[in-house]
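Dear colleague,

Please find the structure below, followed by a short account of what was found in it.

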Amino acid sequence: MRHPAGLPREISSLDRTVVMGILNVTPDSFSDGGRWHDASDAIKRGRLLREAGADIVDVGGESTRPGADRIPEQEELARVLPVVDALVADAIPVSIDTMRASVAAECVSRGACVVNDVSGGQADPDMLPFLATVSAPFIAMHWRGPSAVMQSLATYDDVVSDVCREIGARLVALEAAGVSLDRVVIDPGLGFAKNAEHNWAILRDLEALMSLGHPLLLGASRKRFLGELLADADGQLRPLEGREAAGDAITALAAAAGVWGVRVHEVAASHDAVMVARAWRGPA
Ligand code: PMM
């Protein structure tokens, strides 16, 4: 497994796909909004994710669900800092899911070891200059615009080549800002300015993304395209809690394809799936 530079040894020594457990400390994330909004509940949840096999816990304080509005910086900090502090104190590897350089900087200074920005550094002009000052890996997700408007941006000539080209442009910007590219993980941003067919086209051709030469992260867990795939005969989407097995299937297929990491809500089955894929592929 090729890991990004800058990871703690505990993770960079893994010879399998990394499982990132999602911890949204928000009242309104589409998939688990409100469930872990209280700091002590969120901390408990983070510990449970770790016990269930999360290699990294991805803490986010701002919802990115389609249509979501931004929250103030102070609110985001108030949500994530107590959780980051507690998990870091427990020696749990933490990534911070934020579009704000100030939030990323505060969390990294408190021990977060990965920065995950769904905007790939585009939402905040200070993000790239900040990244140039630290050595933590950066997850650069494909992004076309804020959640409030992203559904209107889901038009592509050819989604795979367009996403590859746009991620390529982010890599150029990161390098120009002084961020060493061996730290950068790329992510196609399933569901972000993408409909179900776009997501499936990307998953069908992961080779194209992997040929960009960077570790790849996928976040499919509980997303709408799985609900659409599993809709009932009346066209009712499969509810969130009924999408887990489909997400686990994506983990297995992604791990077998050599994806670096998967970002999931329920980690136990994903952990087992990556162990199966590792045995199936042989040592990487
Ligand atoms: N998806 C969400 C939030 N953060 N980060 C990365 N790198 N990739 C994703 O696909 C991604 C993300 C939205 O999903 P959630 O509400 O279930 O967290």
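With 284 residues, a compact globule would have a radius of gyration near 19 Å, and the 17 Å of the chain agrees with this; the radius is taken over C-alpha atoms, and the globule rule is 2.2 Å times the number of residues to the power 0.38. The C-alpha trace spans about 50 × 45 × 40 Å along its principal axes.

Please note that this is a predicted model, in which local features need pLDDT of at least 70 and side-chain atom pairs count only at pLDDT 80 or more, while totals for chains, interfaces and linings use all residues. Residues are numbered from 1 along each chain as its sequence is written, and side-chain values use heavy atoms, with hydrogens and water left out.

The chain contains 11 helices and eight strands (DSSP runs, numbered from the N terminus: H or I of at least four residues for helices, E of at least two for strands). Of the contacts with a separation of 6 or more, 67% join residues 24 or more positions apart; a contact means heavy atoms within 4.5 Å.

Buried residues account for 55% of the 284 in the chain (buried: under 20% relative accessible area, with a 1.4 Å probe and protein chains only). Cys-107 is among the buried residues, at 0% relative accessible area, and Cys-164 also counts as buried, at 13%.

Zero disulfides were found in the whole structure, a disulfide being a pair of cysteine sulfur atoms within 2.5 Å. For Cys-107, the closest cysteine sulfur belongs to Cys-113 and lies 12 Å away, so a bond is ruled out by distance.

Note on methods
Buried means under 20% relative accessible area, exposed over 50%, partly exposed in between (1.4 Å probe, protein chains only).
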